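The sequence and the model are shown first.

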Amino acid sequence: MRQRVVASATGPFQHAPYPLARTLVHRGDPGLFGPGSVSWTVIGDTSTFAGGIRALLVQAAHPEVVAGVADHSRYREDPLGRLSRTSAYVTATTYGAIPEVERAVDLVRRAHRAVVGTSHRGRAYTADTAEFAAWVHNALTDSFLATYQTYAPTPLAERDADRFVEEQTRVGRLLGADPLPTTARELRLWLATHPHASPSPGMTEALSFLESPPLTTGVRAGYQVLYQAAVSTIPARLRSVLGVSPRPVARRAGRAAVGFLRWALGASPSWHLALVRTGAPVPQGLFRQPLPLDRIEQRAS
């Protein structure tokens, strides 16, 4: 059963090259965060399955950001490719050695240069504008934190939640994002009260896709539980902008689903690989999947 769950849960994310394929070449390199960081703990947990959905929903509430996605992204034609590339970026910036982090950020920044246009309300956008990069980055940080605090076995203490936000500003600065709140409360308020969040045609299209993406029947059922779990953690004002509301048992079902994934998958194998690269102790019982060495060997060959 565990093997079937692992295959179903991880399969949609394997439509792009594995970003840490050469990470063991960089022995001892801690990357942006390193062992003992809050970022390795939060992003290594299965609550990120709900966090990723939440981030896409929140990002869609900004008219210019979602216009850039609608006008320039191929997410409708290649949804699993887009999902895999986003996952690869998060994996590389979180667990990669510094050269792998720099490569991932460079790929994003080069792709963003071509994302230029005008939103439905006549406002020009470019994806590498500091405020738009901040909306995307801050939504991702806040979403991973919110779903971890809701669905992890033990929520972070306030000081550790603030540490996570501060750690993530290191990625934001590499992307040229500004502003970058440095505490969990500041980040939450910045997003929830942002003056530019409003409905748009691009938002409507993105929500329609996120509510019912092209997944197999078995995967779709689990996705719907995670989707509702994600919606339940979005601040009320942004839920109003998006026009979404959670079902009454969304959080209870979300805890069960994330807990089941945690039982089946354990923590991220990329976290495990990063610990090996840095020579740090590997906690017993935290990881259930094998090291992704087969994917490294495939890439090398």
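The side chains of aspartate 45 and arginine 262 form a salt bridge, with N and O 2.9 Å apart. Aspartate 45 is placed in the loop between helix H2 (38-43) and helix H3 (48-59), and arginine 262 in helix H13 (residues 250-265), so the pair ties together parts 217 residues apart in sequence. Aspartate 45 has 12% relative accessibility and counts as buried.

## Basis and terms

This is a predicted model, in which local features need pLDDT of at least 70 and side-chain atom pairs count only at pLDDT 80 or more, while totals for chains, interfaces and linings use all residues. Residues are numbered from 1 along each chain as its sequence is written, and side-chain values use heavy atoms, with hydrogens and water left out.

A salt bridge is a side-chain nitrogen of Lys or Arg within 4 Å of a carboxyl oxygen of Asp or Glu. Helices (H or I, at least four residues) and strands (E, at least two) are DSSP runs, numbered from the N terminus. Buried means under 20% relative accessible area, exposed over 50%, and partly exposed in between (1.4 Å probe, protein chains only).

## Other salt bridges

The structure holds 9 salt bridges. In one of them, the side chains of glutamate 64 and arginine 121 meet at 2.7 Å, N to O. Glutamate 64 is buried at 1% relative accessibility, whereas arginine 121 is partly exposed at 37%.

Aspartate 106 also forms a salt bridge with arginine 110, the closest N and O atoms being 2.9 Å apart. Both residues lie in helix H6 (residues 98-112), 4 residues apart, about one turn of the helix.
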